[in-house]
Amino acid sequence: MNKVRRLFAAVCAGLLLAATAACGTQDNRTVITVWSWEPSMEAEARDFEKANPDIRVDIKSTSGYDNLNSAIQDGYNMPDVVQLEYFALPQYAVSGQLRDITDQTQGYGDNYTPGTWSSVHTNGRVYGVPMDSGPMAFFYNDDVFRQAGVDASQIHTWNDYYEAAKKLKAIGVYIAADAGDASFYNAMIWLNGGRPFHTTGDGKTVTVNLTDDSGTKGFSEFWQKMIDEGLINTQLNTWSDGWKNALAVGNVASVFTGAWMPSLLLSDVPGSAGLWRVAPMPTADGTQTNSENGGSALSVLHLTRKPEAAMRFIRYVCLDPSGIAKRVDGGAFPADTATLNSHAFLTKTTIRDSRGIDVPYFGGQQFNRVLSRAAEKVSLGYQYLPFEVYARGDFRATVGQSYKWANATRAVQKVQERINAGQTNPDGSPLTLPQDPGPKISLMQGIALWQKDIKEYGTNQGFTLQ
């Protein structure tokens with residue numbers, strides 16, 4: 001019996017020692033949760049923790065805004081820090097979901113390009129710190145353009161682009177693909193001087209004027225001509241496998257998109273390494289101006305209980321040179337002027353792939369010089385809607401009808417051409433025409449539907465719409 005008691009006492013003592021040891025190693029660090037889709041964010045967090053041992057950073061990889069909306073609605077499991085695209089930031093700021101960090105960011109504006117710094121402001125207050133940017137640029141397959149007899153570096157106006165598209169079509173190539181992408185369309189409206197949206201300082205009254213906005217009408221008329229003449233592939237959705245394959249084989253020769261594109265071209269179209277180049281965006285009249293497509297900031301959620309720790313992490317990622325360098329080395333395009341103007345960045349001629357190999361994807365071109373200048377040319381004054389996330393989701397259901405009409409019409413034309421050539425089905429039966437798509441639905445008609453939906457949604461959300 002004594003033996004049993006001694007054994008029991010020894011076990012208890014061991015458990016007590018283990019508990020005491022566990023208490024001695026208890027993690028007392030402040031834990032902040034960060035939601036982000038940035039590939040380098042895990043590495044950023046570990047390096048930040050080394051310099052800030054009192055904070056632990058929990059990274060959750062996310063994309064889109066459904067999860068964030070659900071967390072906000074449910075009121076739990078919300079992050080302390082969230083990565084938001086510039087177009088989405090006003091929606092969460094106006095609805096009171098983001099912390100006003102104006103007082104914590106005094107003097108920060110000098111570190112960033114005017115376009116990115118203005119993008120984190122809503123009603124004169126700061127709700128985020130720029131992390132990366134997406135000034136628009138013209139990415140093109142130089143080899144395919146030269147096969148068509150075009151020097152794409154000399155494309156400065158939309159008419160230059162139109163003439164080049166006709167030459168590419170003659171060799172069976174589309175100059176671009178667009179199946180109805182709201183991000184692209186908005187960026188082109190901005191590029192053309194359009195200012196269709198305006199929100200008053202108190203965030204309550206929203207003006208939507210797409211149908212009468214000159215920049216919107218000007219781009220829509222130009223793009224309508226490109227679509228009507230069959231110069232744009234309107235069937236391939238951007239980022240789809242079909243789109244990537246068309247770029248890879250040279251059936252689609254160029255892309256208008258943000259400056260974050262180089263690393264994605266390398267990963268999605270590796271076989272074309274050395275053939276691609278970058279040029280400034282062509283504009284309606286050749287004027288050197290630009291717009292943003294993409295780019296994001298880090299913001300602090302309003303309900304966080306750890307605002308100071310959250311801001312320390314944001315400062316490291318967005319302001320500290322080592323934090324910025326880690327993201328840029330991974331393919332992100334910077335928002336800070338120090339990096340954009342640095343010799344190492346401007347003279348770079350390679351992109352590092354997933355194997356750690358530096359690839360001269362743009363044929364030895366110092367591509368960042370073009371992209372850095374593109375960032376300097378971004379015009380100011382464009383406003384996103386305070387419910388931009390919804391508006392972009394609705395684009396395909398409204399303006400997208402025009403693209404669907406174009407595809408249906410083209411399908412009828414192709415079958416008619418085969419019938420006129422005396423062709424039949426593989427079994428010898430006669431070809432039949434697809435259903436007639438009916439009256440034309442123009443881009444501007446789709447824009448009018450989009451405007452109507454936007455106004456109805458905004459009114460239902462409690463805004464005053466004009």
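Trainee: Why is α8 called roughly perpendicular to α17?

Mentor: The axes of helix α8 (residues 182-191) and helix α17 (residues 388-398) cross at roughly 110 degrees and come within 9 Å. Angles of 65 to 115 degrees count as roughly perpendicular (under 35 roughly parallel, over 145 roughly antiparallel, the rest oblique), so α8 is roughly perpendicular to α17. The axes are lines fitted to C-alpha atoms over the stretch in contact, with angles from 0 to 180 degrees between N-to-C directions. This is a predicted model, in which local features need pLDDT of at least 70 and side-chain atom pairs pLDDT 80 or more, while totals for chains, interfaces and linings use all residues. Residues are numbered from 1 along each chain as its sequence is written, and side-chain values use heavy atoms, leaving out hydrogens and water.

Trainee: Which residues of α8 and α17 meet?

Mentor: Ala-182, Ser-183, Tyr-185 and Asn-186 of α8 meet Glu-388, Arg-392 and Phe-395 of α17, contact being heavy atoms within 4.5 Å. By class, three residues of this contact are nonpolar, two polar and two charged.

Trainee: What lines the largest pocket?

Mentor: The largest pocket holds about 1,200 Å³ of space. Its lining has 46 residues, and Glu-85, Trp-239, Trp-260, Asn-293 and Gly-294 are the closest to its centre. Helix α17 supplies the largest share of that lining, five residues. Among the other elements that supply at least two are α8, β3 (81-85) and β13 (292-300). The lining comprises 20 nonpolar, 19 polar and seven charged residues.

Trainee: What makes a space a cavity and not a pocket?

Mentor: On a 1 Å grid, a 1.4 Å probe fits in a cavity but cannot get out, whereas a pocket is open, with protein on both sides within 12 Å along at least five of seven lines; lining residues have an atom within 4 Å of a point. By this rule there are two cavities of 30 Å³ or more. The largest cavity holds about 70 Å³ and is lined by 14 residues, including Asn-293, Gly-294 and Arg-392, which are among those nearest its centre. Both α8 and β13 give two or more residues to the lining of the largest cavity. The second largest cavity holds about 60 Å³; β3 gives the most to its lining, three residues.

Trainee: How do you know that Arg-373 is partly exposed?

Mentor: Arg-373, in helix α16 (residues 367-376), has a relative accessible area of 47%. Buried is under 20%, exposed over 50% and partly exposed in between, with a 1.4 Å probe. Arg-373 is therefore partly exposed. Arg-373 and Leu-385 are 12 residues apart in sequence and 27 Å apart in space, C-alpha to C-alpha.

Notes: Helix = DSSP H or I, 4+ residues; strand = E, 2+ residues; numbered from the N terminus. Nonpolar A, V, L, I, M, F, W, Y, C, P; charged D, E, K, R; others polar. Points joined across faces, edges and corners; volume = space filled by probe spheres on them.
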